[in-house]
Amino acid sequence: MHTIAAISTALAPGGIGIIRISGDSAISVADSIFKSFDGTKLADLNGYCAKFGRIFYNRSVVDRVIALVFRAPHSYTGENVVEISCHGGVYIVQKILDIVLKNGAVLAQPGEFTKRAFLNGKMDLSEAESVMNLISAQGEKAEKIAVSGMEGKINKKIIQIKTSLVDIMAGLSAWSDFPDEDIPQVDRNLLKTKLDAILADLISLNSTFFATRALINGLKIAVTGCPNVGKSSLLNLLMGYQRAIVSDIAGTTRDVVEGTTMIGDIPVTLFDTAGIRDTVDIVEKLGVQRAKECLADADIIFVLFDSSRTLCENDREVISLIDLSKSVAVLNKSDLQLSLDLDEINKYFSRYVRISAKNSAGIDELKNLVYDFVGMDKLGGSEVFISGQRQFDIINRTISILKEAQCALDNGMTLDAITVLIQNSLDVLAQLTGENATDEVINAVFSKFCLGK
Ligand code: GDP
């Protein structure tokens with residue numbers, strides 16, 4: 001395998017920048033450009049040892065750096081690694097990387113260091129995915145989820161479930177391979193009870209996915225409603241600054257205004273859509289079209305109403321245009337006299353909240369509603385989390401196969417048929433930790449990583 005190199009710190013001015021080199025010739029590549037002040041070669045160092053010295057290019061000093069040596073297999077990638085810590089200027093880190101590449105290393109692909117760690121058995125696929133989640137974590141809960149995965153908790157849970165399935169397989173195989181021996185009959189009811197327990201474990205694992213996905217990937221929340229109900233005012237309030245223009249002239253917001261903020265621990269992208277209404281204004285018409293696309297794409301829709309007046313035709317038109325299953329009714333202007341018919345709101349929406357964008361009343365309730373929507377309560381005391389669509393899909397496929405096995409048991413199918421289904425479930429589950437993941441899957445996982453990780 002090639003010796004690879006990349007900048008492992010953010011490409012922005014900082015105190016220190018790190019260029020990481022990994023592979024068989026990592027140490028010789030580094031030695032060819034680095035001279036320590038005491039004359040020691042990096043090749044003569046043990047692992048976890050560092051030297052202070054200079055990087056040279058064309059006999060000129062480029063920077064004073066620390067070179068830290070890791071020896072295989074005791075490194076992040078499991079290969080020989082040298083990390084060069086230089087001054088953290090954007091130009092200088094790029095220049096040192098360039099010199100490293102001119103001296104025998106090739107530029108790493110995104111996620112290639114972690115991919116090598118996986119291929120060298122330093123971590124399984126779920127742990128590698130957690131590394132990425134940790135890097136992108138924006139809140140304490142997201143960080144906890146990522147660390148739990150990185151510490152191998154999901155891996156351990158999957159091993160435990162696989163062991164239970166293997167036990168069942170062993171019982172079934174013993175019975176079918178040695179039918180004449182004195183092996184007790186397979187108790188179908190007991191088998192069903194065991195499958196029930198495994199299924200309950202898998203279902204519980206997946207039940208936290210919507211909350212973990214929201215915490216890790218964030219939520220897209222579209223704010224809609226007819227003109228003048230207070231959409232821009234709410235966006236500004238949630239953003240904490242005047243992001244959108246507020247005015248009582250209908251049609252002020254003509255394009256989708258976007259901003260990011262945190263709702264509790266959840267990173268949120270808010271979209272203030274143009275009021276949806278029939279209009280002849282060509283610019284507003286384009287805004288309305290974009291608003292509709294945005295609504296289709298959103299995870300949650302805040303549908304705003306002016307609670308100081310009764311529902312109008314335009315409100316009803318908005319209701320008819322949205323996916324109610326992902327909508328929350330936000331009854332704004334709670335500081336004014338209530339005229340809205342709450343029974344009518346209840347008819348359309350399973351959740352509503354009263355707020356005043358003017359005086360911030362009800363904003364905590366709105367945040368709680370978002371938590372409720374993604375099932376944050378399910379995270380509860382859980383310590384094991386599914387933290388990506390890939391893992392969620394694998395668990396779901398395993399659940400389907402095991403449910404099929406249960407049906408087969410109920411319908412009196414042969415134990416051979418059930419054995420095949422349980423073997424299938426084991427094969428699918430093994431993909432979660434990457435034991436039998438194809439190159440395509442592995443490449444897809446690591447392509448989402450950033451360069452230098
Ligand atoms: P949009 O067209 O839906 O984006 O509505 P705006 O945010 O531009 O607000 C329209 C008008 O309603 C402005 O005059 C706001 O000051 C006013 N408004 C917004 N929220 C509230 C509220 O909670 N209470 C009251 N009394 N007025 C509000």
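Angles here are taken between N-to-C directions and run from 0 to 180 degrees. Keep that in mind for the helices below. The model on your screen is predicted.

**Stop 1: the domains**

Colour three ranges. Domain 1 covers 4–108, domain 2 covers 140–208 + 384–447, and domain 3 covers 218–377. Now look from domain 1 to domain 3: their centres, taken over C-alpha atoms, are 52 Å apart.

**Stop 2: the seven-stranded sheet**

Seven strands make an open, mixed sheet here, in the order β3-β4-β5-β6-β2-β1-β7. Which strands stand at the edges? They are β3 (34–36) and β7 (106–107); each has a single partner strand, so one side of each has no neighbour in the sheet.

Next, pick 49–57 and 60–70. These are β4 and β5, antiparallel strands joined by nine bridges. Find Cys49 in this pair: Val69 of β5 stands opposite.

α3 lies across β1, β2 and β7, at about 135° to β1.

**Stop 3**

Zoom in on β8 (219–224) and β11 (300–306). They run parallel, with four bridges between them. Click Ile221; its bridge partner in β11 is Ile300.

**Stop 4: the β9–β10 hairpin**

β9 and β10 run antiparallel and share seven bridges. Thr261 stands opposite Val268 of β10. Two residues lie between the strands of this hairpin, and Gly264 takes a positive phi near 60°.

Which residues are on the covered face? Val257, Gly259, Thr261 and Ile263 are there, while Glu258, Thr260 and Met262 make up the uncovered face.

**Stop 5: the nonpolar cores**

Show side chains. The largest nonpolar core has 52 residues. Those with the most contacts inside it are Leu219, Ile221, Leu234, Ile266, Phe302 and Phe305. β11 gives the most to this core, six residues. Domain 2 and domain 3 each supply at least three.

Centre on Ile266. Beyond its neighbours within four places in sequence, Ile266 contacts Ala214, Leu215, Leu219, Thr261, Val370, Tyr371, Val374 and Met376. Another core, of 33 residues, lies apart from the largest one; Leu165, Ile168, Leu199 and Ile399 are among its members.

**Stop 6: helix α14**

Finish at 389–410. This is α14, a helix of 22 residues. At 1.5 Å a residue it should span 32 Å, and its end C-alpha atoms are 31 Å apart, so the two values agree. Step just past the helix to Gly412, which takes a positive phi of about 70°.

Conventions
Residues are numbered from 1 along each chain as its sequence is written. This is a predicted model: local features need pLDDT of at least 70, side-chain atom pairs count only at pLDDT 80 or more; totals for chains, interfaces and linings use all residues. Side-chain values use heavy atoms; hydrogens and water are left out. Two strands pair if DSSP finds at least two bridges between them. Domain bounds come from an automatic or database domain assignment. A nonpolar core is a set of buried Ala, Val, Leu, Ile, Met, Phe, Trp, Tyr and Cys residues joined through side-chain atoms within 4.5 Å. Buried means under 20% relative accessible area, exposed over 50%, partly exposed in between (1.4 Å probe, protein chains only). Contact means heavy atoms within 4.5 Å. The expected span of a helix is 1.5 Å times one less than its number of residues.
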